[in-house]
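Please take a moment with the sequence and the structure before reading on. The paragraphs that follow move from the domains to the contact between them, and then to some individual residue pairs.

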Amino acid sequence: MNHIATIPDRDYIVRMEKITKKFGTITALSNVDFGVERGEVRALLGDNGAGKSTLIKILMGVHQPTSGQIYFEGKPVVINSPREARAIGIEAVYQDLALVNLMSISRNFFLGREMVKRIGPIHWLDIRKMNEICRKSLHDIGIEIRSASERVGSLSGGERQSVAIGRGVYFGAKVLILDEPTSALSVAETRKVLTYIANARERGLGVIFITHNVHHVYMVADSYTVIRHGQHVGTYYKGELGEDDIADLITGDREY
């Protein structure tokens with residue numbers, strides 16, 4: 001059974017329609033529909049090997065779909081690389097976070113987008129300005145840091161997640177993809193990260209929350225898309241199902 005929630009489409013930022021991906025004779029995805037609206041946290045749920053990573057890699061331009069279409073703000077797009085995805089406003093925060101431990105928080109915040117001062121042919125990093133912007137930007141979305149000059153390697157897992165999320169928000173992301181953001185975090189840190197996700201939603205971002213933890217996603221997600229064995233099982237809105245129901249859908253123990 002392929003269930004689609006009866007709530008009508010409101011304002012999708014990203015819509016992926018009938019996405020199929022084949023690797024040789026192996027079909028990783030088959031006619032999968034997925035999307036996220038403005039100001040929504042959409043959970044992408046599925047067991048290991050369900051096809052979640054493949055779907056997100058297609059959205060980020062790492063893979064090209066064998067068939068199907070991606071729409072961004074209502075217009076059909078072809079995304080050929082992560083750089084192109086970021087250019088239109090899709091930012092991904094992966095489990096490894098792509099942070100450099102020996103660099104400061106602000107250097108990681110601006111990594112690849114550093115601010116510089118120039119006098120003729122001479123230019124150097126504007127560390128003071130980057131520190132100020134980094135601290136203020138994180139503060140604006142409810143994230144407090146001790147010092148923007150502090151090394152990222154000294155931060156906890158939850159704090160590192162906060163820097164990565166704040167970076168995406170500051171640089172104009174319209175869609176924020178979070179890959180297992182609460183994995184291996186303490187209860188207190190998980191609560192903080194879920195708060196940051198809610199803050200991003202309040203700013204109008206569409207947040208895609210990929211996780212295995214049904215309890216965490218149930219606390220913050222507005223809707224849930226479940227895929228299993230490369231196929232779209234269903235999309236459900238908050239209140240339609242309980243936590244146990246969602247878990248059963250992921251494992252295939254029950255159909256709705």
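How many salt bridges are there between domain 1 and domain 2? In this predicted model, the count between domain 1 and domain 2 is 0 salt bridges, although a search of the whole structure finds 10 salt bridges.

The domain assignment gives domain 1 as residues 1-89 together with 174-256, and domain 2 as residues 97-173. The C-alpha centres of domain 1 and domain 2 are 27 Å apart, and the contact draws 16 residues from domain 1 and 16 residues from domain 2. Between them, domain 1 and domain 2 bury about 1200 Å², with 66% of that area on carbon and sulfur atoms. Of the area that domain 1 buries against domain 2, 41% is supplied by E189, Y196 and R203, which is more than any other three residues supply.

On the side of domain 1 that touches domain 2, at least two residues come from each of β10 (175-179) and α6 (187-202), and α6 gives the most, with 5 residues. The residues on this side of domain 1 divide into 9 nonpolar, 2 polar and 5 charged, so charged residues are present by the classification used, while the number of salt bridges between the domains is 0.

Among the salt bridges found elsewhere is one formed by R38 with E73, whose closest N and O atoms are 3.3 Å apart. This pair links distant parts of the chain, with R38 in the loop between β3 (26-37) and β4 (40-45) and E73 in the loop between β5 (67-72) and β6 (75-77), 35 residues apart.

How values were computed
Residues are numbered from 1 along each chain as its sequence is written. This is a predicted model: local features need pLDDT of at least 70, side-chain atom pairs count only at pLDDT 80 or more; totals for chains, interfaces and linings use all residues. Side-chain values use heavy atoms; hydrogens and water are left out. Domain bounds come from an automatic or database domain assignment. Contact means heavy atoms within 4.5 Å. Buried area is the accessible area (1.4 Å probe) that two parts lose on being put together, summed over both. A salt bridge is a side-chain nitrogen of Lys or Arg within 4 Å of a carboxyl oxygen of Asp or Glu. Helices (H or I, at least four residues) and strands (E, at least two) are DSSP runs, numbered from the N terminus.
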